[in-house]
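Let's take a walk through a protein model together, one piece at a time. Keep the structure open beside you as you read.

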Amino acid sequence: MPTIHWLGTGLSTVPGIRRLAVGDLPLVLWNRTVEKAHAAIEGLDTNAQVREFDLETVGAAIEPGDIVVSMLPGTWHVPVAQLAIEKEAHFVSSSYISKEMAALDKEASYYKLSLVNEVGLDPGIDHLMAHGLVDRYRDSAQFDPANTIRFRSFCGGFPKIPNDFRYKFSWSPLGVLKALRSPARSIRDGDVVDTARPWHALSDYEARLPGGSETFQAYPNRDSLPFMSAYHFDPDWQVDEFVRGTLRLNGWSDAWAEIFSEIETLEGEAGDARLQEMSDDLWRTQSYDEGEPDRVVLCVELEARSDDKAVWHHSHVIDASGNESGSAMGRLVSLPVSLAIEAIAAGKISAGVSAAPSDTTIIKHWFDVLRSHGDEIHLIDHLS
């Protein structure tokens, strides 16, 4: 039976850890602050172990066939994955697949090891939703390769009770600030659109939620185009819109206007230093209060049109809130990670570097588990 080596026990990891801690697989939690790791499993009847994190010590503990989970900052993922391969162990992270991670595919496949990434919320659950919608559309009576396709995938996390800043941070703001300096690529009106800064491409997005429609601000992030093939779009489909992006509460762009203006001026090492100062200040002034509930909204939408008329239009949505047991973000990031670990242990994930699975049976099971933890994945027919 493989042992799970879970590296990093921050706030976004606890629900997944607690789920695994009462399961059948041996679990070892590794964290620099062992008290935080102990707190993650407090009150459980579990045999999970806690050890102080040190990569060399972790390496000495890994056995062939074990599963190594990196919930550490992104710069750690590739070194940890390389260590896992060296020890002939599997690997899991919730982060995007970097070029360096993708380069490990051949070696991982040779040793029949699964290196699974993009199995958190976004990326993660959004992938499952997209695969489910594409499969549902293909199986529908309205499917026609000549249809024009519009695809939108937007996710956002923000305070359940909106504040003047229209946002709060549950971990270091530096990642959010760096993302605001990153270009994005998407398809709009049939053309590829490159965006230098997210706020240059802000638009209103009306989300069809279980409680009714709500309008958010939305913007594209990263390069959306590779996900067309990842989601099994046929190359000859006529794609009018394809965007993966971020949701923010209405008023976010006004509240952040001064931050946008300053980010535009930052360059080089001095710019990086200033970005760190901004991050530290935002962490002091705009982080969640103890016990404050968060909210997560995820909408993945697929529309097929013929003769400029929608003939098929469905979406998967989540509108989740934090509660007394923890944050919505923590549940929706870490529970899929725990499910990916179990899928590897059961031999259901192919060898090599991969993202969230597209198998319909696995997707249904993962949705059922999320539902059992209180997070309903709603399927909405926009034409009904």
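Strands here are DSSP runs marked E of at least two residues, helices are runs marked H or I of at least four residues, and both are numbered from the N terminus. Two strands count as paired if DSSP finds at least two bridges between them. Look at Arg188, whose bridge partner in strand 9 is Asp191. Two residues sit between the strands of this hairpin, and Asp189 takes a positive phi near 55 degrees there.

Before going on, a word about what you're looking at. This is a predicted model, in which local features need pLDDT of at least 70 and side-chain atom pairs count only at pLDDT 80 or more, while totals for chains, interfaces and linings use all residues. Residues are numbered from 1 along each chain as its sequence is written, and side-chain values use heavy atoms, with hydrogens and water left out.

His232, which isn't a glycine, has a positive phi near 65 degrees; you'll find His232 in the loop between helix 9 (226–230) and strand 12. There's also a cis peptide bond between Asp122 and Pro123, with omega about 15 degrees. Pro123 belongs to the loop between strand 6 and helix 7.

Seven strands form an open sheet in the order 3-2-1-4-5-6-15, with parallel pairing. Strand 3 (49–52) and strand 15 (352–354) are the edges, and each has a single partner strand, so one side of each is left without a neighbour in the sheet. On average, neighbouring strands are turned by 20 degrees against each other, direction ignored. Further in, strand 1 (residues 4–7) runs parallel to strand 4 (residues 67–70), and four bridges join them. Ile4, for instance, has Ile67 in strand 4 as its bridge partner. Packed on the sheet is helix 4 (residues 77–86), which touches strand 1, strand 4, strand 5 (90–93) and strand 6 (114–116). Touching, or contact, means heavy atoms within 4.5 Å.

Next, how do helices pack on each other? Two packed helices are described by the angle between their axes and the distance between the axes. Axes are lines fitted to C-alpha atoms, for helices over the stretch in contact, and angles run from 0 to 180 degrees between N-to-C directions. Helix 11 (residues 257–265) and helix 12 (residues 268–285) have axes that come within 11 Å and cross at roughly 160 degrees. These two helices are therefore roughly antiparallel, a label for angles over 145 degrees; under 35 is roughly parallel, 65 to 115 roughly perpendicular and the rest oblique. On the helix 11 side, Ile259, Glu262 and Ile263 meet Arg274, Leu275, Met278 and Leu282 of helix 12.

Compare helix 13 (residues 328–345) and helix 14 (residues 360–372), which pack at about 135 degrees with their axes 11 Å apart. That pair is therefore oblique. Leu332, Leu335, Pro336, Leu339 and Ala340 in helix 13 meet His365, Trp366, Val369 and Leu370 in helix 14.

Finally, how many salt bridges are there? The whole structure has 24, each one a side-chain nitrogen of Lys or Arg within 4 Å of a carboxyl oxygen of Asp or Glu. One of them joins Asp126 and Arg244, at 2.5 Å from N to O. Asp126 lies in helix 7 (residues 125–138) and Arg244 in strand 12 (residues 238–248), so this pair ties together parts that are 118 residues apart in sequence.
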